[in-house]
Amino acid sequence: MKEIVEYIAKALVNNPDDVLVEVESNDGIVNIKLNVNPDDMGKVIGKQGKIANSIRSILKACAIKEEKKVNLYIDSKDSE
């Protein structure tokens with residue numbers, strides 16, 4: 001799932017080198033944190049969150065296959 005998020009994010013942003021994906025797994029729940037450059041936040045989220053929701057839908061389809069639950073968090077790198 002990490003590879004899917006990373007591939008999609010790098011295709012959307014202007015600064016693909018700044019994309020960082022972190023994954024944490026706990027008892028069948030996978031938390032994925034996507035960090036991007038602050039200038040690219042709008043491109044990853046999209047108008048009214050449509051792109052972010054689409055990425056979440058793809059992840060949920062993958063998670064169903066693996067019988068897990070998945071959460072996606074999108075953040076900018078400078079807020080750490």
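This is a predicted model: local features need pLDDT of at least 70, side-chain atom pairs count only at pLDDT 80 or more; totals for chains, interfaces and linings use all residues.
Val 21 has Leu 34 of strand S2 standing opposite. Strand S1, residues 20–26, and strand S2, residues 29–36, run in the antiparallel sense, joined by seven bridges. Further along the pairing, Glu 24 has Asn 31 in S2 as its bridge partner.

On to the next strand. S2 also pairs with strand S3, residues 69–76, this time in the parallel sense and over eight bridges. Here Val 36 stands opposite Ser 76 of S3.

Put together, the three strands give an open sheet in the order S1-S2-S3, and its pairing is mixed. S1 and S3 are the edge strands, each pairing on one side only. Ignoring direction, neighbouring strands of this sheet are turned by 15° against each other on average.

How many of the eight residues of S2 are buried? Six are, so the rest of the structure largely encloses this strand.

## Helices on the sheet

Now for the helices. H1 lies across S1, S2 and S3, and its direction runs at about 155° to S1. H3 packs on the sheet as well, touching S2 and S3, with its direction at about 150° to that of S3.

## Where H1 meets H3

The two helices also meet each other. The axes of H1 (residues 2–12) and H3 (residues 50–66) come within 11 Å and cross at roughly 160°. Angles over 145 degrees count as roughly antiparallel, and H1 and H3 are therefore roughly antiparallel to each other. The crossing in which H1 passes H3 is right-handed.

Which residues of H1 and H3 make the contact? From H1 come Ile 4, Val 5, Ile 8 and Leu 12, while H3 supplies Ile 51, Ile 55, Ile 58, Leu 59 and Cys 62. By class, the residues of this contact comprise nine nonpolar, no polar and no charged.

## Putting it together

If you are tracing the model by eye, S2 is a handy guide: it pairs with S1 in the antiparallel sense and with S3 in the parallel sense. From there you can find H1 lying across S1, S2 and S3, and H3 touching S2 and S3.

Technical notes: Residues are numbered from 1 along each chain as its sequence is written. Side-chain values use heavy atoms; hydrogens and water are left out. Two strands pair if DSSP finds at least two bridges between them. Helices (H or I, at least four residues) and strands (E, at least two) are DSSP runs, numbered from the N terminus. Axes are lines fitted to C-alpha atoms, for helices over the stretch in contact, and angles run from 0 to 180 degrees between N-to-C directions. Angles under 35 degrees count as roughly parallel, over 145 as roughly antiparallel, 65 to 115 as roughly perpendicular and the rest as oblique. A crossing is left-handed if the near helix is turned anticlockwise from the far one by less than a right angle, and right-handed if clockwise. Contact means heavy atoms within 4.5 Å. Ala, Val, Leu, Ile, Met, Phe, Trp, Tyr, Cys and Pro count as nonpolar, Asp, Glu, Lys and Arg as charged, and the others, Gly among them, as polar. Buried means under 20% relative accessible area, exposed over 50%, partly exposed in between (1.4 Å probe, protein chains only).
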